[in-house]
Amino acid sequence: MTLQINNVNAWYGRHQVLHDVEVGSLEPGTMVGVIGPNAAGKSTLVKALMGLVKTSGEMKWIHEDGRIFEGKALRDICGYVPQDLPGGVALSAFESIAISAQRYAGLGIPKGTSLQRASAACEELGITSIAERNLANLSGGQRQLVSIAQVVASHPQILLLDEPTSALDIHRQVQVLNLMHTISRQDNALVMVVLHDLNLAARLCDKIMVVAGGEITYSGSPDEVITPDVIRATYELNVEVLNHRGLPLVCPVSAVGTIGAGE
């Protein structure tokens, strides 16, 4: 099974954001980090897969039995975590998770009731204590955890997460990303996650893609992508990259062009 993304363009109105994006094939059982500067097109890439922006090009999931999922069929096997839940929803956290869990039945793979899967997702994310609270009364971080639980409960084949830890403290960030890594392995799912923390990306992602200027500029393993040259070219930042227990660790030195640059 592979997700193929080839020659993809995306627009907001007349403004083109993605330009001939070539990702090639992404395999299930892996966690892919999408990094890059602000307004580079990272979120747009995820939204393109979900059909939330105007696109052209090829995006398809090729199943091991030869079936090809494109368009709505592709979106039906994806779980999407936006940067924030929409406001004004008159549901409790648990109700919203249970409704999302019902999507799993549509994939024809019975695995307990939606209520059971919602309860399990709440436990995995540590949000059982807020399950009965209305979404409108939750903090931004709590809403983000509920959004993640909605996807976890629906057991999709592809998980698309747009900055899922932006409102979370460091403990919760590690908890969520560890869970995503575990799901990729246990469920043989493909996880694509937009991140800003390069060190968390290096530690938990099997593959990293850099989006800059609406294009994939670098792609490979953490060792191949998290390098001083790539980070300088992408973020205009001078860094040292240390080897910490076999993984790259980014230590910022200075912004390019400021006093001390190049030291």
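Predicted model: local features only at pLDDT ≥ 70, side-chain atom pairs only at ≥ 80, totals over all residues.
Modeller: Residues are numbered from 1 along each chain as its sequence is written, and side-chain values use heavy atoms, with hydrogens and water left out.

Colleague: Why is helix 3 called largely enclosed?

Modeller: Buried means under 20% relative accessible area, exposed over 50%, and partly exposed in between (1.4 Å probe, protein chains only). Seven of the nine residues of helix 3 (residues 93-101) are buried, so the rest of the structure largely encloses the helix. Among the buried residues are Phe94 and Ile97.

Colleague: What makes the approach of glutamate 95 to serine 92 a polar contact?

Modeller: A polar contact is a pair of N or O atoms within 3.5 Å; within protein, one must be able to donate a hydrogen and the other to accept it, and residues adjacent in sequence count only if both atoms are side-chain atoms. Here the backbone nitrogen of serine 92 lies 2.9 Å from a polar side-chain atom of glutamate 95.

Colleague: What makes strand 7 and strand 8 a pair?

Modeller: Two strands pair if DSSP finds at least two bridges between them. Strand 7 and strand 8 (residues 158-162) have four, in the parallel sense. Strand 7 is also an edge strand, pairing on one side only.

Technical notes
Helix = DSSP H or I, 4+ residues; strand = E, 2+ residues; numbered from the N terminus.
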